[in-house]
Number of protein chains: 2
Amino acid sequence: MNKWEKNKQAKQAAILSSALTIFSEKGYTAAKIADIARAAGVGKGTIYEYYRNKEALFFAVFQWYTDFLAGNSMVDAASLGGNAARRLNALMRSTFMAVYDQLDTFSVFLEFWAAAGNPAIRERYRVSMLNMYEKLTTLIAGLVEEGKRSRVFHPDLDVHATAMGLVSSLDGLMLQAWMDRTFDAPTAANRFFDTVIRGMRAK
Amino acid sequence: MNKWEKNKQAKQAAILSSALTIFSEKGYTAAKIADIARAAGVGKGTIYEYYRNKEALFFAVFQWYTDFLAGNSMVDAASLGGNAARRLNALMRSTFMAVYDQLDTFSVFLEFWAAAGNPAIRERYRVSMLNMYEKLTTLIAGLVEEGKRSRVFHPDLDVHATAMGLVSSLDGLMLQAWMDRTFDAPTAANRFFDTVIRGMRAK
DNA sequence: ACAATTATCGACCAGTTGGTCATTATTTGG
DNA sequence: CCAAATAATGACCAACTGGTCGATAATTGT
């Protein structure tokens with residue numbers, strides 16, 4: 001690896017990281033390429049050496065950041081012991097905390113969502129976003145299914161509806177935490193997950 | 001009321017309604033004043049007779065729309081019968097459906113959230129938004145409290161955490177429904193609410 | 001009917017910013 | 001050390017759009 005390549009890697013990382021910060025702080029439209037360049041310590045033109053245009057940079061940030069969060073949240077789920085209820089609880093807590101630890105950049109998700117929602121132009125965001133959710137939903141649904149088989153959970157439990165509800169509550173709680181910094185979201189989240197799982201149990 | 005006033009009322013309604021549509025479709029920044037004017041069937045200058053600038057128009061839409069939804073969702077909650085669990089279930093369903101019925105304009109909430117989250121400039125969005133959530137949270141917390149008193153719900157239940165969890169799951173489920181139109185959100189929501197409320201019950 | 005008042009309009013202007021490209025700086029191979 | 005190749009830069013341009021304002025139209029009171 002020569003000097004050019006080292007430089008390229010370092011600069012690419014600096015650009016992505018700075019772009020995440022600036023997009024979080026200002027939103028997609030208000031974030032200026034010049035801002036991102038300054039934050040990354042590079043010239044404005046350099047950014048266009050790495051990304052075709054602003055939208056391509058944004059999509060790169062989207063993939064980089066969601067990969068990072070997905071890796072952080074799911075990594076220790078497999079290694080956990082205990083019955084399905086206990087492991088589901090641990091998975092929910094760990095996923096929640098993985099995102100909560102990055103609360104100050106959570107606002108960029110509003111931009112991701114907005115990009116994903118526009119059905120005309122931005123199909124790739126939607127696909128990629130649903131893919132990410134589906135991974136988590138599948139993981140959760142697997143635990144719910146397992147819990148039903150081992151008679152920890154109620155036999156009539158709707159696996160998919162439960163998984164979707166749990167995933168949704170993660171997003172919703174994060175939104176509340178982000179809007180209201182006085183809200184003790186980790187505690188509330190843990191108690192809420194306990195309640196939901198209590199409702200899932202076989203009597 | 002003379003002709004001027006009638007015209008003003010009609011035009012103001014047309015402008016707000018068109019603004020909601022355009023902001024939903026394109027997002028705050030990409031929505032052009034000219035687009036909104038055309039959709040409302042008025043000249044561009046006319047909009048500035050009613051609203052100082054684009055941001056003032058957006059805030060007016062925010063208040064108008066959230067008032068509308070709040071009115072729709074909570075109106076029949078008081079009139080319901082049954083025990084606390086039954087009434088809580090009905091309140092959750094009715095609130096969910098009130099927003100779900102307007103799913104195609106749900107995306108404007110992403111813009112509202114983004115506006116509310118920026119702590120520097122937009123304190124009034126944050127205050128107004130938290131106020132709206134607090135009304136719903138208080139309503140739910142009241143039912144939870146009542147359920148605890150009447151021994152329908154578990155005595156150790158954390159009222160605030162439960163209420164926040166339920167409110168959050170509304171937002172989260174709506175987001176999922178909006179991103180994925182194949183998701184049968186009303187059914188999943190109802191089943192999830194059932195599960196949560198089951199977990200709240202005294203054994 | 002007519003002039004004063006009120007409301008509407010859209011061409012225009014000024015400020016902003018994504019993206020380009022000629023110039024400069026750095027690295028490489030020999 | 002030098003020239004070719006590669007990378008970085010930021011002044012500049014073109015496009016876009018929020019907001020203004022002089023001109024026009026509708027309504028009112030008399």
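This is a predicted model: local features need pLDDT of at least 70, side-chain atom pairs count only at pLDDT 80 or more; totals for chains, interfaces and linings use all residues.
## The surface near DNA strand C

In total, 21 residues surround DNA strand C. The closest are A:N2, A:K3 and A:N53 from chain A, and B:G43 and B:G45 from chain B.

Sorted by class, the surface near DNA strand C has 8 charged, 7 polar and 6 nonpolar residues.

## The surface near DNA strand D

DNA strand D is surrounded by 20 residues. Here the closest are A:G43 and A:G45 of chain A, with B:K3, B:N53 and B:K54 of chain B.

By class, the surface near DNA strand D has 7 charged, 7 polar and 6 nonpolar residues.

## Chain A as a whole

Chain A has 9 helices and 0 strands. Read from the N terminus, its elements therefore run α-α-α-α-α-α-α-α-α. Along the principal axes, the C-alpha atoms of the chain fill a box of roughly 65 × 40 × 35 Å.

Chain A has 203 residues, of which 36% count as buried. Among its contacts with a separation of 6 or more, 64% are between residues 24 or more positions apart.

## One residue in helix α1

A:A14 is placed in helix α1 of chain A. Is this residue buried, exposed or partly exposed? A:A14 has 15 other C-beta atoms within 10 Å. A buried residue would need 20 or more and an exposed one 12 or fewer, so A:A14 is partly exposed.

Leaving aside neighbours within four places in sequence, A:A14 is in contact with A:A40, A:G41 and A:V42. A:A39 lies 25 residues from A:A14 along the chain, and the C-alpha atoms of these two residues are separated by 8.5 Å.

## Where chain A touches chain B

Between the two protein chains, 37 residues of chain A are in contact with 37 residues of chain B. On the chain A side, α6 (107-117), α7 (123-149), α8 (159-179) and α9 (185-200) each supply at least two residues. Of the elements on this side, α8(A) gives the most, with 14 residues. The residues on the side of chain A that touches chain B divide into 18 nonpolar, 13 polar and 6 charged.

## The α9 pair

How do α9(A) and α9(B) lie relative to each other? Helix α9(A) packs against helix α9 (residues 185-200) of chain B at an angle of about 95°, and their axes are 7 Å apart. Angles of 65 to 115 degrees count as roughly perpendicular, so α9(A) and α9(B) are roughly perpendicular to each other.

In this contact, α9(A) contributes A:T195, A:V196, A:I197, A:R198, A:G199 and A:M200. These residues meet B:T195, B:V196, B:I197, B:R198, B:G199 and B:M200 in α9(B). By class, the residues of the contact of α9(A) with α9(B) divide into 6 nonpolar, 4 polar and 2 charged.

Notes:
Residues are numbered from 1 along each chain as its sequence is written. Chains are lettered from A and ligands numbered from 1 in the order in which they are written. A residue is near a molecule or strand if its C-beta atom, placed from the backbone, lies within 6 Å of it. Ala, Val, Leu, Ile, Met, Phe, Trp, Tyr, Cys and Pro count as nonpolar, Asp, Glu, Lys and Arg as charged, and the others, Gly among them, as polar. Helices (H or I, at least four residues) and strands (E, at least two) are DSSP runs, numbered from the N terminus. Two residues are in contact if their C-beta atoms, placed from the backbone, lie within 7 Å. Axes are lines fitted to C-alpha atoms, for helices over the stretch in contact, and angles run from 0 to 180 degrees between N-to-C directions. Angles under 35 degrees count as roughly parallel, over 145 as roughly antiparallel, 65 to 115 as roughly perpendicular and the rest as oblique.
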